[in-house]
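Subject: Structure handover

Hello,

Here is the structure for your files. Please open it first, then read the notes that follow.

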Amino acid sequence: MLPLGVLLRSGGHEAAHYALVVATGAAAVGRPVVLFATNAGCRLLLRDAPLLADAREALLESRGVAGIATLWEAAGELGIRRIACEAGLRAEAIAPAELAGGVEVAGIVTFLAEVGPGQMLAL
C-alpha cells in the first residue's frame with residue numbers, strides 16, 4: 001500500500017484530533033503513515049500534551065469518541081512515524097527536549113521522501 005502523509009499545521013484541538021483519526025485509521029488498515037507537524041501543529045507532539053486540557057477532549061470522550069490521548073497511544077502501537085518539523089519548532093520557539101518520546105525532529109525533505117508517491121493530507 002502507498003504511504004499516507006499527514007501534515008498538521010494547526011495548533012488547535014480539532015485539527016490535531018482529526019490528524020490522529022486519519023493517521024490511526026490508515027495505519028489500522030495497513031497503510032504506512034507519517035505524521036508531520038509544523039509551526040503551531042507541533043503542539044500535538046509536546047511531552048506536556050497541552051491539547052489534553054482542551055474542553056473538547058473531555059466532550060469527545062463523554063460522547064464515546066476517542067480523544068487525542070487514546071489516539072496518541074494507538075499511533076504509537078500502530079507504528080506511525082511522528083515527526084516535528086525542525087523549522088516549525090524554531091518558528092514556535094519549541095526546544096526538541098519538549099517533545100514527547102518517540103517523536104523525531106526532521107525537515108520537510110524527510111517527510112516528502114517518506115511519503116514518496118503516496119497521498120498527503122494537510123490539516
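Buried means under 20% relative accessible area, exposed over 50%, and partly exposed in between, with a 1.4 Å probe and protein chains only.

Before going on, the ground rules. This is a predicted model, where local features need pLDDT of at least 70, side-chain atom pairs count only at pLDDT 80 or more, and totals for chains, interfaces and linings use all residues. Residues are numbered from 1 along each chain as its sequence is written, and side-chain values use heavy atoms, with hydrogens and water left out.

Back to Asn-39. This residue sits in the loop between β2 and α2. Helices (H or I, at least four residues) and strands (E, at least two) are DSSP runs, numbered from the N terminus. The phi of Asn-39 is positive, about 45°, although the residue is not a glycine. Most residues other than glycine have a negative phi.

Ala-49 belongs to the loop between β2 and α2 as well. Its phi is also positive, near 45°, and Ala-49 is not a glycine either. Ala-49 is partly exposed, at 24% relative accessible area.

Arg-43 is placed in the loop between β2 (33-37) and α2 (55-62). With a relative accessible area of 34%, Arg-43 is partly exposed. Leaving aside residues up to four places away in sequence, Arg-43 touches Gly-11, Pro-50 and Leu-51. Contact here means heavy atoms within 4.5 Å. Arg-43 and Gly-12 are 31 residues apart in sequence, yet their C-alpha atoms are 8.4 Å apart in space.

**Helices α1 and α3**

Helix α1 covers residues 13-28, and helix α3 covers residues 68-77. Their axes come within 9 Å and cross at roughly 35°. Axes are lines fitted to C-alpha atoms, for helices over the stretch in contact, and angles run from 0 to 180 degrees between N-to-C directions. The crossing is left-handed. That term applies if the near helix is turned anticlockwise from the far one by less than a right angle; clockwise makes it right-handed.

Which residues meet here? From α1 they are His-13, Ala-16, His-17, Leu-20, Val-21 and Thr-24. From α3 they are Ile-68, Leu-71, Trp-72, Ala-74 and Ala-75.

Take Ala-75, in helix α3. Ala-75 is buried, with a relative accessible area of 1%. Not counting residues up to four places away in sequence, Ala-75 touches Leu-20, Thr-24, Ile-80 and Arg-82. Ala-75 and Gly-25 are 50 residues apart in sequence and 9.4 Å apart in space, C-alpha to C-alpha.

**Salt bridges**

How many salt bridges does a search of the whole structure find? Three. A salt bridge is a side-chain nitrogen of Lys or Arg within 4 Å of a carboxyl oxygen of Asp or Glu.

Arg-81 pairs with Glu-104 at 2.7 Å, N to O. The pair links distant parts of the chain, 23 residues apart: Arg-81 is in strand β3 (residues 81-85) and Glu-104 in strand β4 (residues 103-106).

Arg-81 also forms a salt bridge with Glu-114, at 2.6 Å, N to O. Arg-81 lies in strand β3 and Glu-114 in helix α5, so this pair ties together parts 33 residues apart in sequence. Arg-81 is partly exposed at 24% relative accessibility. Glu-104 is partly exposed at 30%, and Glu-114 is partly exposed at 37%.

Arg-90 forms a salt bridge with Glu-86, with the closest N and O atoms 3.3 Å apart. Both lie in helix α4 (residues 86-91), four residues apart, about one turn of the helix. Arg-90 is exposed at 62% relative accessibility, whereas Glu-86 is partly exposed at 39%.

**Nonpolar patch**

Ile-108, Val-109, Leu-112 and Met-120 form a nonpolar patch on the surface, with about 380 Å² of accessible area together. Patches are made of residues with over 30% relative accessible area and no salt bridge; like charges are joined within 9 Å, nonpolar side chains (Val, Leu, Ile, Met, Phe, Trp, Tyr) within 5 Å. Areas come from the Shrake-Rupley method with a 1.4 Å probe, and for residues only the protein chains shown count as cover.

Helix α5 (residues 108-115) gives the largest share of the patch, three residues. Ile-108 lies in α5 and is partly exposed at 41% relative accessibility.

Best wishes
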